[in-house]
Amino acid sequence: MKRYFIAGNWKMHKTVAEAVSLASELRDRLSDCREKLMIAPPFTALQAVSEVTRGSNILLGAQNMGPEESGAHTGEVSVLMLKDLGVSVVILGHSERRHTYGEHDALINAKVRLALKHGLEVILCVGETLEEREHGALETVIRRQLVEGLRGVEPSALLGVTVAYEPVWAIGTGKTATPEDADTVHAFCRKVVAELYGQEAALRMPIQYGGSVKPENVAALMAKQNIDGALVGGASLKAESFVPIAKFR
Ligand code: PEP
């Protein structure tokens, strides 16, 4: 039976005390959940949340990391620091990093390769803006983000990669891609991965959907053949909404 990968991205929310409180509630209420689970608190709460999730079925994720192991990089957090805190998954290429902070494909690719080199799992986010979609550039954009994001990633390292399809127009807007629409784009992502790594690797690749996932729409999205999980923003900030998403079946 398919095991879905349900991940929560807390973005720039929660003090340490608030993060510990939410993580503790999730740990207790999701202890019987069979899906693969991850929460990504802000950097400042990673250590405290790590103590809560240690030994549980919830993986600790980071929302970003620097492209170097160490050095004079003011404001960056290194892969070694994340590993030191018990982080096992890192979200890279999130649309807010791409569009608000100008992260380009080459930078994201450097981070992807560095994270994989150090044994972190990577959630590589891809997605088109509304303008790109309306101009018929959806496939060009998704293909470029996948090809460039995975450049130089060895086939053996691909097992550590999950792709998250997050249409930018659906993130934090309340607008969700229809399950059919999302499934079509996921199938396209799989086709691109197959071109790069072969059919078997493409079929194995987990592809999450992200963009206003809520308790009300999660089951319909997860029912689609090419949707293997969810990357959840707003609805991951409260146990009342994240628990039913993780326990959608
Ligand atoms: C996200 O930030 O990855 C996301 C999908 O946000 P939201 O669920 O709030 O749309």
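## Basis of the model

Residues are numbered from 1 along each chain as its sequence is written, and side-chain values use heavy atoms, with hydrogens and water left out. The model is predicted: local features need pLDDT of at least 70, side-chain atom pairs count only at pLDDT 80 or more, and totals for chains, interfaces and linings use all residues.

## The ligand site

The ligand is surrounded by 14 residues. The closest are Lys 11, Glu 166, Gly 172, Ser 212 and Gly 234. By class, the shell holds 4 nonpolar, 8 polar and 2 charged residues. Here Ala, Val, Leu, Ile, Met, Phe, Trp, Tyr, Cys and Pro count as nonpolar, Asp, Glu, Lys and Arg as charged, and the others, Gly among them, as polar.

A backbone N or O atom of Gly 172 is 2.6 Å from a ligand oxygen. For Ser 212, a backbone N or O atom lies 2.7 Å from an oxygen of the ligand. For Gly 234, a polar backbone atom is 2.8 Å from a ligand oxygen. Taken alone, the ligand exposes 290 Å², and the protein buries 96% of that. These areas come from the Shrake-Rupley method with a 1.4 Å probe; for residues, only the protein chains shown count as cover.

The ligand sits in the second largest pocket. A pocket is found on a 1 Å grid over the protein atoms alone; it is an open set of points where a 1.4 Å probe fits, with protein on both sides within 12 Å along at least five of seven lines. To sit there, a molecule needs more than half of its atoms within 2 Å of the pocket's grid points.

## Positive phi angles

Most residues other than glycine have a negative phi. Ser 212 has a positive phi, near 55°. Ser 212 is in the loop between β7 (207-210) and α10 (218-222). Helices (H or I, at least four residues) and strands (E, at least two) are DSSP runs, numbered from the N terminus. Ser 212 is buried, at 15% relative accessible area. Buried means under 20%, exposed over 50%, and partly exposed in between (1.4 Å probe, protein chains only).

Lys 14 also has a positive phi, about 90°, although it is not a glycine. Lys 14 is in the loop between β1 (5-9) and α1 (16-29). Lys 14 counts as partly exposed because its relative accessibility is 25%.

## Strand residues

Strand β7 holds Gln 208 and Tyr 209. Gln 208 is buried, at 0% relative accessibility. A polar side-chain atom of Gln 208 lies 3.0 Å from the backbone oxygen of Phe 5. This is a polar contact: a pair of N or O atoms within 3.5 Å; within protein, one must be able to donate a hydrogen and the other to accept it, and residues adjacent in sequence count only if both atoms are side-chain atoms.

Tyr 209 is buried too, with a relative accessible area of 0%. Tyr 209 and Gln 63 are 146 residues apart in sequence. Their C-alpha atoms are 16 Å apart. Val 126 is in strand β5 (residues 121-126). Val 126 is buried, at 2%. Val 126 and His 73 are 53 residues apart in sequence and 26 Å apart in space, C-alpha to C-alpha.

## Helix residues

Thr 184 lies in helix α8 (residues 179-197). Thr 184 is exposed, with a relative accessible area of 52%. The Thr 184 side chain reaches the backbone oxygen of Glu 180 at 2.8 Å. Thr 184 and Gln 225 are 41 residues apart in sequence and 9.8 Å apart, C-alpha to C-alpha.

Phe 242 belongs to helix α11 (residues 239-246). Phe 242 is buried, at 1%. Phe 242 and Val 213 are 29 residues apart along the chain, and 9.7 Å separates their C-alpha atoms.

How values were computed:
A residue is near a molecule or strand if one of its heavy atoms lies within 4 Å of it. On a 1 Å grid over the protein atoms alone, a cavity is a set of points where a 1.4 Å probe fits but cannot get out, and a pocket is an open set with protein on both sides within 12 Å along at least five of seven lines; lining residues have an atom within 4 Å of a point.
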